[in-house]
There are 2 protein chains.
Amino acid sequence: MTRVVTPEDVEAFARLTGDDNPVHLDESYAAGTRFGRRIAHGIFAAGLISAVLGTKLPGPGAVYLHQSLDFKLPVFLGDAVTAEVTVAQVRPDKPIVTLDTRCVNQDGAVVLSGQAVLLMGGPPETGARGGT
Amino acid sequence: MTRVVTPEDVEAFARLTGDDNPVHLDESYAAGTRFGRRIAHGIFAAGLISAVLGTKLPGPGAVYLHQSLDFKLPVFLGDAVTAEVTVAQVRPDKPIVTLDTRCVNQDGAVVLSGQAVLLMGGPPETGARGGT
(Lines give C-alpha, C1' and ligand atoms only; values in the text may rest on other atoms or scores of the structure.)
Protein backbone atom coordinates (compact mmCIF):
# COMPACT_ATOMS: atom_id res chain seq x y z
CA MET A 1 0.00 0.00 0.00
CA THR A 2 1.72 3.15 -1.26
CA ARG A 3 0.63 6.71 -0.73
CA VAL A 4 2.12 10.00 -1.88
CA VAL A 5 1.85 12.42 1.04
CA THR A 6 0.26 15.69 -0.06
CA PRO A 7 0.08 19.04 1.76
CA GLU A 8 -3.68 18.48 1.94
CA ASP A 9 -3.13 15.15 3.73
CA VAL A 10 -0.93 16.78 6.34
CA GLU A 11 -3.33 19.66 6.85
CA ALA A 12 -6.28 17.27 7.15
CA PHE A 13 -4.39 15.17 9.70
CA ALA A 14 -3.58 18.29 11.71
CA ARG A 15 -7.24 19.35 11.76
CA LEU A 16 -8.43 15.86 12.61
CA THR A 17 -6.10 15.28 15.54
CA GLY A 18 -5.45 18.86 16.66
CA ASP A 19 -1.70 18.39 16.12
CA ASP A 20 -0.90 21.75 14.57
CA ASN A 21 2.82 21.69 15.40
CA PRO A 22 4.26 24.24 12.94
CA VAL A 23 6.90 21.77 11.70
CA HIS A 24 4.00 20.16 9.82
CA LEU A 25 2.14 23.27 8.70
CA ASP A 26 4.45 26.29 8.49
CA GLU A 27 7.07 26.18 5.75
CA SER A 28 9.10 29.10 7.10
CA TYR A 29 9.16 27.65 10.63
CA ALA A 30 10.12 24.24 9.27
CA ALA A 31 12.97 25.81 7.28
CA GLY A 32 14.59 26.75 10.58
CA THR A 33 14.43 23.22 12.01
CA ARG A 34 16.83 20.33 11.53
CA PHE A 35 14.49 19.02 8.82
CA GLY A 36 14.73 22.15 6.66
CA ARG A 37 11.18 21.78 5.36
CA ARG A 38 7.73 20.60 6.40
CA ILE A 39 7.37 16.98 7.48
CA ALA A 40 4.33 14.75 7.84
CA HIS A 41 3.10 13.65 11.26
CA GLY A 42 4.76 10.41 12.37
CA ILE A 43 1.39 9.00 13.33
CA PHE A 44 0.14 9.61 9.79
CA ALA A 45 2.59 6.95 8.58
CA ALA A 46 1.34 4.73 11.40
CA GLY A 47 -2.11 5.19 9.90
CA LEU A 48 -0.88 3.62 6.66
CA ILE A 49 0.28 0.57 8.65
CA SER A 50 -3.13 0.46 10.32
CA ALA A 51 -4.70 0.51 6.85
CA VAL A 52 -2.76 -2.59 5.78
CA LEU A 53 -3.60 -4.36 9.04
CA GLY A 54 -7.26 -3.40 8.84
CA THR A 55 -7.86 -4.21 5.20
CA LYS A 56 -5.29 -6.77 4.02
CA LEU A 57 -3.17 -8.59 6.60
CA PRO A 58 -4.83 -9.82 8.72
CA GLY A 59 -7.81 -7.70 7.58
CA PRO A 60 -11.29 -7.21 9.06
CA GLY A 61 -12.16 -9.32 12.10
CA ALA A 62 -8.84 -9.02 13.89
CA VAL A 63 -8.45 -6.89 17.01
CA TYR A 64 -5.53 -4.49 17.36
CA LEU A 65 -3.79 -5.11 20.69
CA HIS A 66 -0.42 -3.41 20.38
CA GLN A 67 1.77 -1.35 18.06
CA SER A 68 5.35 -0.19 18.52
CA LEU A 69 6.66 2.61 16.33
CA ASP A 70 10.28 3.66 15.81
CA PHE A 71 10.40 6.87 13.81
CA LYS A 72 13.61 6.39 11.83
CA LEU A 73 13.54 9.17 9.26
CA PRO A 74 11.26 12.10 8.53
CA VAL A 75 8.53 11.80 5.91
CA PHE A 76 8.53 14.87 3.69
CA LEU A 77 5.63 16.23 1.71
CA GLY A 78 5.66 14.58 -1.71
CA ASP A 79 7.27 11.38 -0.42
CA ALA A 80 5.76 8.12 -1.64
CA VAL A 81 5.35 6.02 1.50
CA THR A 82 4.76 2.29 1.28
CA ALA A 83 3.50 0.41 4.33
CA GLU A 84 4.68 -3.19 4.56
CA VAL A 85 3.45 -5.89 6.93
CA THR A 86 4.84 -9.41 7.34
CA VAL A 87 3.95 -12.13 9.82
CA ALA A 88 6.67 -12.50 12.45
CA GLN A 89 5.17 -14.99 14.88
CA VAL A 90 1.97 -16.91 15.54
CA ARG A 91 1.37 -18.04 19.09
CA PRO A 92 0.71 -21.76 19.30
CA ASP A 93 -1.57 -21.45 22.33
CA LYS A 94 -3.70 -18.43 21.47
CA PRO A 95 -4.99 -16.81 18.28
CA ILE A 96 -2.50 -13.97 18.63
CA VAL A 97 -0.20 -12.96 15.80
CA THR A 98 2.81 -10.62 15.82
CA LEU A 99 3.61 -8.78 12.62
CA ASP A 100 6.65 -6.79 11.55
CA THR A 101 5.44 -3.44 10.30
CA ARG A 102 7.36 -0.75 8.49
CA CYS A 103 7.07 2.14 6.09
CA VAL A 104 9.65 2.84 3.38
CA ASN A 105 9.97 5.91 1.19
CA GLN A 106 10.53 6.19 -2.55
CA ASP A 107 14.27 5.67 -2.03
CA GLY A 108 13.71 2.40 -0.18
CA ALA A 109 14.75 3.94 3.14
CA VAL A 110 12.87 2.76 6.23
CA VAL A 111 11.10 5.76 7.77
CA LEU A 112 9.08 3.85 10.38
CA SER A 113 9.48 0.38 11.83
CA GLY A 114 7.95 -1.63 14.63
CA GLN A 115 5.69 -4.51 15.45
CA ALA A 116 1.95 -5.01 15.70
CA VAL A 117 0.14 -7.60 17.81
CA LEU A 118 -3.38 -8.62 16.86
CA LEU A 119 -5.98 -11.02 18.17
CA MET A 120 -7.40 -12.98 15.30
CA GLY A 121 -11.18 -13.44 14.87
CA GLY A 122 -13.03 -15.95 17.02
CA PRO A 123 -13.26 -16.25 20.80
CA PRO A 124 -10.00 -16.56 22.76
CA GLU A 125 -9.13 -20.00 24.01
CA THR A 126 -10.02 -20.73 27.59
CA GLY A 127 -8.20 -24.04 27.98
CA ALA A 128 -6.25 -25.39 30.91
CA ARG A 129 -3.00 -23.71 29.90
CA GLY A 130 -3.39 -20.47 31.73
CA GLY A 131 -0.22 -18.60 30.96
CA THR A 132 -0.18 -14.97 29.94
CA MET B 1 -6.77 17.59 25.41
CA THR B 2 -10.24 16.10 25.06
CA ARG B 3 -12.05 15.29 21.86
CA VAL B 4 -15.47 13.83 21.22
CA VAL B 5 -15.11 11.34 18.38
CA THR B 6 -17.67 11.98 15.67
CA PRO B 7 -18.72 9.79 12.73
CA GLU B 8 -17.20 12.46 10.49
CA ASP B 9 -13.85 12.12 12.27
CA VAL B 10 -13.80 8.37 11.73
CA GLU B 11 -14.81 8.70 8.08
CA ALA B 12 -12.16 11.37 7.49
CA PHE B 13 -9.50 9.20 9.13
CA ALA B 14 -10.53 6.26 6.93
CA ARG B 15 -10.25 8.38 3.77
CA LEU B 16 -6.94 9.89 4.86
CA THR B 17 -5.20 6.62 5.68
CA GLY B 18 -7.09 4.21 3.43
CA ASP B 19 -8.14 2.14 6.44
CA ASP B 20 -11.73 1.40 5.44
CA ASN B 21 -12.12 -1.67 7.67
CA PRO B 22 -15.93 -2.00 7.98
CA VAL B 23 -15.76 -2.17 11.79
CA HIS B 24 -15.12 1.59 11.57
CA LEU B 25 -17.53 2.49 8.78
CA ASP B 26 -20.38 -0.03 8.49
CA GLU B 27 -22.86 -0.05 11.37
CA SER B 28 -24.49 -3.34 10.37
CA TYR B 29 -21.14 -5.11 9.97
CA ALA B 30 -19.96 -3.72 13.31
CA ALA B 31 -23.16 -4.96 14.99
CA GLY B 32 -22.01 -8.50 14.24
CA THR B 33 -18.56 -8.08 15.80
CA ARG B 34 -17.53 -8.41 19.43
CA PHE B 35 -17.82 -4.62 19.71
CA GLY B 36 -21.50 -4.50 18.74
CA ARG B 37 -21.16 -1.10 17.08
CA ARG B 38 -18.73 1.02 15.11
CA ILE B 39 -15.40 1.87 16.75
CA ALA B 40 -12.81 4.50 15.98
CA HIS B 41 -9.42 3.56 14.53
CA GLY B 42 -6.90 2.84 17.28
CA ILE B 43 -4.38 5.06 15.55
CA PHE B 44 -6.84 7.96 15.66
CA ALA B 45 -6.48 7.96 19.46
CA ALA B 46 -2.71 7.81 18.96
CA GLY B 47 -3.09 10.99 16.92
CA LEU B 48 -4.53 12.72 19.98
CA ILE B 49 -1.41 11.73 21.92
CA SER B 50 0.71 13.08 19.08
CA ALA B 51 -1.23 16.33 19.32
CA VAL B 52 -0.34 16.76 23.00
CA LEU B 53 3.31 15.89 22.32
CA GLY B 54 3.50 18.21 19.32
CA THR B 55 1.77 21.20 20.82
CA LYS B 56 2.04 21.09 24.62
CA LEU B 57 4.48 18.63 26.22
CA PRO B 58 7.19 18.84 25.07
CA GLY B 59 5.76 20.89 22.15
CA PRO B 60 7.33 22.18 18.92
CA GLY B 61 11.06 21.58 18.51
CA ALA B 62 11.18 18.05 19.88
CA VAL B 63 11.70 15.06 17.59
CA TYR B 64 9.50 11.99 17.90
CA LEU B 65 11.70 8.90 18.22
CA HIS B 66 9.41 6.17 19.50
CA GLN B 67 5.87 5.41 20.56
CA SER B 68 4.39 2.25 22.04
CA LEU B 69 0.64 1.74 22.00
CA ASP B 70 -1.40 -0.78 23.95
CA PHE B 71 -4.99 -0.71 22.76
CA LYS B 72 -6.85 -1.51 25.97
CA LEU B 73 -10.48 -0.81 25.15
CA PRO B 74 -12.39 0.21 22.05
CA VAL B 75 -13.21 3.86 21.40
CA PHE B 76 -16.82 4.19 20.30
CA LEU B 77 -18.31 6.98 18.25
CA GLY B 78 -19.47 9.69 20.62
CA ASP B 79 -16.84 8.87 23.23
CA ALA B 80 -14.99 11.84 24.75
CA VAL B 81 -11.33 10.86 24.61
CA THR B 82 -8.74 12.70 26.67
CA ALA B 83 -5.05 12.30 25.84
CA GLU B 84 -2.73 12.60 28.85
CA VAL B 85 1.04 12.90 28.81
CA THR B 86 3.37 12.90 31.83
CA VAL B 87 7.14 12.89 32.02
CA ALA B 88 8.44 9.48 33.06
CA GLN B 89 12.21 9.84 32.70
CA VAL B 90 14.82 12.32 31.52
CA ARG B 91 18.16 10.89 30.49
CA PRO B 92 21.04 12.51 32.34
CA ASP B 93 23.47 12.07 29.43
CA LYS B 94 21.38 13.01 26.41
CA PRO B 95 18.45 15.35 25.73
CA ILE B 96 16.08 12.41 25.48
CA VAL B 97 12.86 12.25 27.45
CA THR B 98 10.47 9.35 28.00
CA LEU B 99 6.82 10.18 28.59
CA ASP B 100 3.92 8.07 29.77
CA THR B 101 1.09 8.52 27.31
CA ARG B 102 -2.49 7.40 27.59
CA CYS B 103 -6.02 8.12 26.48
CA VAL B 104 -9.01 7.82 28.79
CA ASN B 105 -12.70 7.91 27.91
CA GLN B 106 -15.56 9.79 29.54
CA ASP B 107 -15.87 7.06 32.17
CA GLY B 108 -12.21 7.42 33.17
CA ALA B 109 -11.31 4.06 31.61
CA VAL B 110 -7.92 3.82 29.92
CA VAL B 111 -8.49 3.02 26.25
CA LEU B 112 -4.87 3.41 25.11
CA SER B 113 -1.59 3.42 27.02
CA GLY B 114 2.07 3.41 26.19
CA GLN B 115 5.23 5.46 26.19
CA ALA B 116 6.73 8.06 23.90
CA VAL B 117 10.43 8.87 23.52
CA LEU B 118 11.45 12.27 22.16
CA LEU B 119 14.68 14.07 21.44
CA MET B 120 14.49 17.57 22.82
CA GLY B 121 15.49 20.58 20.75
CA GLY B 122 19.16 21.44 20.26
CA PRO B 123 22.01 19.34 18.92
CA PRO B 124 22.68 15.99 20.60
CA GLU B 125 25.66 15.85 22.91
CA THR B 126 28.85 14.49 21.45
CA GLY B 127 30.83 14.25 24.66
CA ALA B 128 33.20 11.55 25.82
CA ARG B 129 30.48 9.37 27.28
CA GLY B 130 29.71 7.32 24.21
CA GLY B 131 27.17 4.72 25.18
CA THR B 132 23.79 4.35 23.61
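In this predicted model, helix α1(A) is followed by Gly18(A), whose phi is positive, near 85 degrees; helices here are DSSP runs (H or I, at least four residues), as strands are runs of E of at least two, both numbered from the N terminus. Residues are numbered from 1 along each chain as its sequence is written, and chains are lettered from A in the order in which they are written. Local features need pLDDT of at least 70, and side-chain atom pairs count only at pLDDT 80 or more, whereas totals for chains, interfaces and linings use all residues.

Within α1 of chain A, residues 7-17, the buried positions are Asp9(A), Val10(A), Phe13(A), Ala14(A), Leu16(A) and Thr17(A), where buried means under 20% relative accessible area, exposed over 50% and partly exposed in between (1.4 Å probe, protein chains only). Seen down the helix axis, these buried residues fall within an arc of 165 degrees, so they line one face of α1(A), the arc being that of the directions from the helix axis to the C-beta atoms. The face turned away from that side carries the exposed Glu8(A) and Arg15(A). The buried residues pack against β1 (2-4), α2 (22-25) and α4 (42-55) of chain A, and also against β1, α1 and α4 of chain B.

Notes: Side-chain values use heavy atoms; hydrogens and water are left out. Contact means heavy atoms within 4.5 Å.
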